[in-house]
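Look at the chain below, and keep the model in view while reading. The text begins with aromatic rings and then turns to a sheet and its helices.

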Amino acid sequence: MQMTRVFARSALPVAGLIVLAACGSGPSGTVAADGSSTVAPLTSVAAELFRAQDPSVNVTVGTSGTGGGFEKFCRGETDISDASRPIKDVEIAACKKDSVRYTKLVVANDALTVVVNKSNSFAKCLTTGQLKKIWEPNSTIKNWKQVDPKFPNLPLELFGPGTDSGTFDYFTEEITGRTGASRTDYTPSEDDNVIVQGVTGSTGGLGYFGYTYFEENESKLNLVKIDSGNGCVAPSPETARDGTYTPLSRPLFVYPSINRLSSNPSLRQFLDYYVDNDAQIAKDAQYIPLSDKQRSELKKAYADALKEAGVSSSPAAS
């Protein structure tokens, strides 16, 4: 489905907004999502496919990062928060303060992928220990030869997500050992496309982001296999689901507002479609689909959310 693929991977500016509106007569309802730039293309494809079924609903998808998305969500400004990590305690407290109730839905899987410049033929596999030395706070590694004496004498230039990104939180927790613990002398961006551009433009470049961004840019980048103690493993849908790609495989989330499920019929219509068609959405957006067990858990979690909201289904599904 080429049209969807191009749409899903179009460049998304930091805190940018994709508007999926009806053609012709104006929309009868609106749904506002914001948050992770990793999850945004998935929600955008869900919205595009849903619009083909019901063009009366206007869905907007912002990309202010997981942390920025939760800030808006907990202020009651959005219906859905896209997230590439679970909500933090401080965000839970912020939502509670403003009486924003929510549920967590796992909608797809991801394999966080380390990439290098296409001309890099030596860094085919890195250990988690080497990645830690590269990315830990106050790291002095500035040349590939410092990573491994067998590597060439080549300046190392780093690109990665900004501090509002759930990908940054996840990577730092798993690689450096503490959420947010990272060197600061790298080029950050909440927009994964900027990271792609940085690594492709630097012979000694290295960066990391979600697996599907690598898939979309495979002709421009080389992926790096990861050795966490059991040999070099490449990220893939299979290794993400079977748990062999450790520690960088992860679930992806959307957090719908229970308050808005009660008051916004358009949100219920959209989420009904999202949950019922998760496999097709993940396929069209080039994400790693849920396992059968995850899909059963998704449907149960959504049914429980509807029950808590005091509604049984969307008007379209009733």
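By the rule used here, the count comes to 15 aromatic pairs; rings of Phe, Tyr and Trp (its six-membered ring) pair if their centres lie within 6.5 Å, and planes under 30 degrees apart count as stacked, over 60 as edge-to-face and the rest as tilted. Phe70 and Tyr255 form an edge-to-face pair, with 5.1 Å centre to centre and 80° between the planes. This pair links distant parts of the chain, 185 residues apart: Phe70 is in helix α3 (residues 65-74) and Tyr255 in strand β14 (residues 249-256). Helices (H or I, at least four residues) and strands (E, at least two) are DSSP runs, numbered from the N terminus. Both Phe70 and Tyr255 are buried; buried means under 20% relative accessible area, exposed over 50%, and partly exposed in between (1.4 Å probe, protein chains only).

This is a predicted model, in which local features need pLDDT of at least 70 and side-chain atom pairs count only at pLDDT 80 or more, while totals for chains, interfaces and linings use all residues. Residues are numbered from 1 along each chain as its sequence is written, and side-chain values use heavy atoms, with hydrogens and water left out.

Phe70 and Tyr255 also belong to one aromatic cluster, together with Phe73, Tyr102 and Phe253.

Now turn to the sheet. Five strands form an open sheet in the order β9-β8-β10-β6-β11, with mixed pairing; two strands pair if DSSP finds at least two bridges between them. β9 and β11 stand at the edges with a single partner strand each, so one side of each is left without a neighbour in the sheet. On average, neighbouring strands of this sheet are turned by 25° against each other, direction ignored. Strands of a sheet pair through backbone hydrogen bonds, either parallel or antiparallel. β8 and β10 pair in the parallel sense over three bridges, and Leu158 stands opposite Leu206 in β10.

Which strands does helix α7 (residues 166-176) lie across? α7 lies across β6, β8 and β10, running at about 105° to β10. Axes are lines fitted to C-alpha atoms, for helices over the stretch in contact, and angles run from 0 to 180 degrees between N-to-C directions. Helix α8 packs on the sheet as well, touching β6, β8, β9, β10 and β11, and its direction makes about 160° with that of β10; contact means heavy atoms within 4.5 Å. The buried residues of α8 (residues 192-200) are Asp192, Asn193, Ile195, Val196, Gly198 and Val199.
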